[in-house]
Amino acid sequence: MQQSKLPHMEKSIAGFSKLSKDERIKWIADTYFDSPQNAISLLENYWNSDAKLQQLHDDFIENTITNFYLPLGIAPNFAINGKTYTIPMAIEESSVVAAASKSAKFWSTRGGFKTTVLNTEKIGQVHFIFQGDKEKLQGFFQLIKPHFFYDTEPLTKNMQQRGGGILNIELRDRTSEIPGYFQLHATFETKDSMGANFINSCLEQFAKTLKAEADEYEGFSSEEKNIKIVMSILSNYVTSCIVRAEVSCKIEELAEKNIIDPQAFAEKFVTAVQIAEIEPYRAVTHNKGIMNGIDAVVLATGNDFRAIEAAAHAYASKDGRYASLSHAKIEDGNFHFWMEIPLALGTVGGLTSLHPLVKFALEVLEKPSAPELMQIVAAAGLAQNFAALRSLTTTGIQEGHMKMHLNNILNQFEATDEERESVRKYFKKHAISHAAAVNFIESLRKN
């Protein structure tokens, strides 16, 4: 096994964040690579030639050394609530964009996707420890509750003008689980912004108000006045920010090239979804397929896909067992497939006003509001799930995936046009695998 270039202790560095970009790159290249100049050249190849644009990307995060590319693809023909969308998707996984596009086209002639935003509330909490009389704390909270709204007015003024703001604040007793543990549980409406900074700023002011008012409250003992703030932070588990997406049609309308018997297909499809509803090992992969579609649009539109993932998987466990996010049924001769999912998204603020490709993606979507983007994203997730289940219950998931995998192998071997044609012709009649593709390419080059 190849040894590291430097011993462990020599790889430590103080003040890395204070180095210039060139100095950071030089340290990485000299420390970890046998050919430092090749490493530096690789990083520089991914820089944008426009220095101003590159600086914009450098400033998104800390300790930047280069850009990391993901493909940006397009899935056309999404009919959602009677309007046709072309959806941008940023993802590295083969077949996702193709599958979403195929599913979109399938449903575009069968009524399209119907989507509904059920609610848009977001949640934030101040977590604190109070040692004392619970009834006194409850009375104190009711007395000072208006102060929370008053003290945050400088923060909420602009949001209120857009129709948003703080909706409510509750005191929640969690002392049965952790001694002395209480919450200020607040709900917010943030309109077209995702609202993380707004919510967190409000919560931190709530904490200051809580502490200051407790110090002055004559009804508290000295111990009760000593409220300990643990943290103030929004929740990404947005159980009151839910969107529903659904498709339906008469069973006979499901017929197509790979669906010769629509009734049999519908029954098998529903069974496949039911398995994901009761079997966690299947549900995880099933929901991962949904998130393939969702994350790709979330990323393309500059939103936080990690927050979306966390909320979705928590929601999948809301009944005490991890289960499918989507559902299907046959009723009165009709096939129904639907999903409800939490999606806290924004179309203003953050990267949406900074990243040029995010702005491009939102232009392609015709500048949607946050609720409209929620519906677009949910439709993309349901489309991806339908495509995966259709493949699984008909031709199998590997047919399309392996064709894309073959293309990646050809790129890896820098195959010529002649070699590509020979490989594709051969694998029309033979099973595709990585080993088989490599062996065939090597045999071509020996002749």
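This is a predicted model: local features need pLDDT of at least 70, side-chain atom pairs count only at pLDDT 80 or more; totals for chains, interfaces and linings use all residues.
Where does Y69 lie? I found Y69 in the loop between α3 (51-58) and β1 (72-80); helices (H or I, at least four residues) and strands (E, at least two) are DSSP runs, numbered from the N terminus.

Residues are numbered from 1 along each chain as its sequence is written, and side-chain values use heavy atoms, leaving out hydrogens and water.

Next I looked up salt bridges, meaning a side-chain nitrogen of Lys or Arg within 4 Å of a carboxyl oxygen of Asp or Glu. I noted 14 of these salt bridges. One of them joins the side chains of E93 and K288, at 2.7 Å from N to O. This pair links distant parts of the chain, 195 residues apart: E93 sits in the loop between β2 (83-90) and α4 (96-108), and K288 in helix α10 (residues 280-300).

Last, I turned to a helix pair. α6 passes α7 in a left-handed crossing, which is one where the near helix is turned anticlockwise from the far one by less than a right angle. I saw that L155, T156 and M159 of α6 make the contact (heavy atoms within 4.5 Å) with F198, S201, C202 and Q205 of α7.
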